[in-house]
Amino acid sequence: MITTNTDRPAVLEVRDVSKSFGSVVALERVSLTLHKGEILGLLGDNGAGKSTLIKALSGVHSVDSGEIRLDGKVVNFQSSADARSHGIETVFQDLAVFDNLNVIENIFIGREESYGRFLGPLSFLNRRKMVEQWKRYTEVLEVRIKDPYQPIGLMSGGQRQAVAIARSFAFAGRIVILDEPTAALGLREKRNVRRMIRRLAEQDISVILISHNIQEVLEVCDRATVLRQGRNVGECEAIPELQEHIVSMIVGASAAARHMDHRGPAQ
């Protein structure tokens with residue numbers, strides 16, 4: 001676990017956000033705060049509301065009520081492109097990488113560097129600049145991919161995840177949201193991805209890590225927030241001593257869970 005001072009400025013504030021789909025209440029007055037350079041673990045069983053929340057933060061869903069604030073200012077995302085324009089990048093479980101394209105092409109697809117316009121919509125790609133930027137990302141995040149021209153389809157799951165995270169880092173001005181980034185990876189690849197997550201925070205990028213793996217959250221995150229049935233049931237520091245309390249919040253076994261704060265369980 002990385003120790004982060006939560007007195008650092010709040011980058012993201014979710015205030016009493018609710019979202020329903022017909023008669024199904026997916027989120028009910030959910031709130032959370034994410035600080036600059038912090039790694040926040042988001043935990044909860046299936047159906048807890050995690051996916052709906054991150055889709056609201058990613059611009060996929062609009063919220064019915066409540067506020068989302070970035071750097072203290074209220075934002076209303078109309079699309080995922082809108083969220084990205086505000087510096088929020090999301091890596092979903094499906095990664096959204098293109099198997100037939102190489103690393104460089106996947107990193108910059110839709111955001112290619114060019115020398116300028118030529119003959120109207122045509123332009124010359126600045127491949128050298130894109131390769132130089134990729135090398136910088138690999139140095140900062142310690143990405144271990146030797147050949148940036150290798151098609152993604154020939155890479156391991158861990159390498160594909162590394163490319164997706166590097167892409168998010170390349171364009172995230174504020175926040176990276178990672179949805180189960182180590183699912184289905186081997187032990188070594190999990191370690192590599194966790195190292196990259198720490199490196200993101202070291203670059204003052206704030207991270208929301210969605211995971212079912214409590215051990216992963218305790219190892220990587222500064223704080224843990226738990227959702228259950230679309231509601232906040234508490235938050236605490238992500239430390240091994242509070243593992244039992246985190247589990248109790250997830251399964252709803254502790255009535256005291258609703259009174260948790262960043263110091264731990266209510267006494």
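In this predicted model, Arg 198 sits in helix H6, which covers residues 187-202. The C-alpha atom of Arg 198 is 9.5 Å from that of Gly 37, although 161 residues separate the two along the chain.

The aromatic rings come next. Rings are taken as a pair if their centres lie within 6.5 Å, and by this rule the model has 2 aromatic pairs. One of them joins Phe 108 and Phe 171: the ring centres are 6.2 Å apart and the planes meet at 90°, so the pair is edge-to-face, the class for planes over 60 degrees apart. This pair links distant parts of the chain, with Phe 108 in helix H3 (residues 103-108) and Phe 171 in helix H5 (residues 157-171), 63 residues apart. Phe 108 has a relative accessible area of 1% and is therefore buried, whereas Phe 171, with 23%, is partly exposed.

Tyr 137 and Phe 169 also form a pair, with ring centres 5.9 Å apart and planes at 85°, so this pair too is edge-to-face. Tyr 137 belongs to helix H4 (residues 127-141) and Phe 169 to helix H5, so the contact ties together parts that are 32 residues apart in sequence. Tyr 137 counts as buried because its relative accessibility is 3%. Phe 169 is buried as well, with a relative accessible area of 10%, which is under the 20% limit.

How values were computed. Residues numbered from 1 in each chain as written. Predicted model: local features only at pLDDT ≥ 70, side-chain atom pairs only at ≥ 80, totals over all residues. Heavy atoms only, no water. Helix = DSSP H or I, 4+ residues; strand = E, 2+ residues; numbered from the N terminus. Phe/Tyr/Trp six-rings, centres within 6.5 Å; stacked < 30°, edge-to-face > 60°. Buried < 20%, exposed > 50% of the residue type's maximum accessible area, 1.4 Å probe, protein only.
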